[in-house]
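Subject: Handover of a structure

Dear colleague,

Please find below the structure you are taking over. My notes on it follow.

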Amino acid sequence: MIPDFPRMTGTPFTPADFDAVRVNRTAAERRAASLTARRSVKKEWQAAWLLRAVTCIDLTTLAGDDTPGRVARLCAKARAPLRPDLLDALGLEPMTVGAVCVYPTMVPHAVRALEGSGVPVASVATGFPAGLTPLPLRLEEIRYAVGEGAAEIDIVITREHVLTGRWSALYDEIAAMRAVCGAAHMKAILATGDLKTLSNVYRASMVAMQAGADFIKTSTGKENVNATLPVSLTMLRALRDFQARTGQKVGFKPAGGLKTAKDALAWLILMKEELGTRHMMPDLFRIGASSLLGDIERQIEHHVTGRYSAANRHALA
Ligand SMILES: O=C[C@H](O)COP(=O)(O)O
């Protein structure tokens, strides 16, 4: 099922929009730290924000030992991420996560398991996680995943293009990937832990948006450093600048190492402070995570019952 929100069109390649940008790491770190220190979200608000976070999760399994059975269990969790008694206690209708994210050969299994749920299947592609496969094969992988029913494609970029400043090559690669996505939405994973500087993160973000990415995403979850707040802040500033210039609202997806309800709240605060509440909805914000939902469910259970259950009761996600 293709999401019904609009695709981005991107712009022609415009180096003037990023060439001169220099990001000050110390200032970015200070701003990121102060945001989460100054703001805290308590009690009812916290539960409401955590419920919002659930609807924004791209529930993920990207492991070499993935099987149709594991994917089916993950999809069952995606359809009903919170226990019915918790929903009842909060007076809420059933809800789902934002998407399920898997490797390409798991797409048909996820599509089958999610039929009728309205939850889209996202597939990583293009030689995930390193991207060091010839471009024609990477494009073919997108075609395969779309053909199997993926509604969202999480591509990886060639880090070498960033590290050697070959911005037009990066633009052309991402634009080619976007073209073969067809109606499927495209998230561009920048693998920011590999990009060395925040200036590179800003420039790669801008090039990905110019090339037509619907979302920009921090990490594969496989780099040594995955989603961090200063990197996310840098990407959001690029996103804000792009929106001001073009009117196009590109989405943002932090991913990799986000495991606790506290992490989810920190990123929601960042979205609200930098872009406003409109950017806390699943069409513009996703959290890529394989093991976050369990802690969120625990915190919501604590809000409802006043006690914590053992973490192993929420083992799957
Ligand atoms: O795209 C999502 C990431 O691969 C998930 O990373 P994680 O396993 O650290 O949550």
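Which residue in β4 does serine 123 stand opposite? Serine 123 stands opposite isoleucine 153.

Two remarks before the rest. The model is predicted, so local features need pLDDT of at least 70 and side-chain atom pairs count only at pLDDT 80 or more, while totals for chains, interfaces and linings use all residues. Residue numbers start from 1 along each chain, as its sequence is written.

Strands and helices

Helices (H or I, at least four residues) and strands (E, at least two) are DSSP runs, numbered from the N terminus. Two strands pair if DSSP finds at least two bridges between them.

Strand β2 (residues 99-102) pairs with β3 in the parallel sense over three bridges, and valine 100 stands opposite valine 121 in β3. Between β2 and β3 the chain passes through helix α5 (residues 107-114), in a right-handed β-α-β crossover. Right-handed is used here if, with the strands pointing away from the viewer, the path from the first strand over the helix to the second runs clockwise.

β3 also pairs with β4, again in the parallel sense and over three bridges. β3, helix α6 (residues 135-147) and β4 form a right-handed β-α-β unit.

β4 (residues 152-156) runs parallel to β5, joined by five bridges; glutamate 152 has histidine 185 in β5 as its bridge partner. Three bridges join β5 to the parallel strand β6 (residues 215-217), with isoleucine 216 in β6 as the partner of alanine 188. The chain gets from β5 to β6 through helix α9 (residues 198-210), and this crossover is right-handed.

Burial

A residue is buried if 20 or more other C-beta atoms, placed from the backbone, lie within 10 Å of its own. In strand β3 (residues 121-124), Val121 and Ser123 lie on one side and Ala122 and Val124 on the other, and all are buried. In β5 (residues 185-189), five of five residues are buried: His185, Lys187 and Ile189 point one way, Met186 and Ala188 the other.

The largest nonpolar core has 93 residues. Such a core is a set of buried Ala, Val, Leu, Ile, Met, Phe, Trp, Tyr and Cys residues joined through C-beta atoms within 7 Å. Those with the most contacts inside it include Val100, Val121, Ile216 and Ala264.

Ligand

The ligand is surrounded by 13 residues (C-beta atom, placed from the backbone, within 6 Å). Gly221, Ala255, Gly288, Ala289 and Ser290 are the closest.

Regards

Key: A residue is buried if 20 or more other C-beta atoms lie within 10 Å of its own, exposed if 12 or fewer, and partly exposed in between; C-beta atoms are placed from the backbone.
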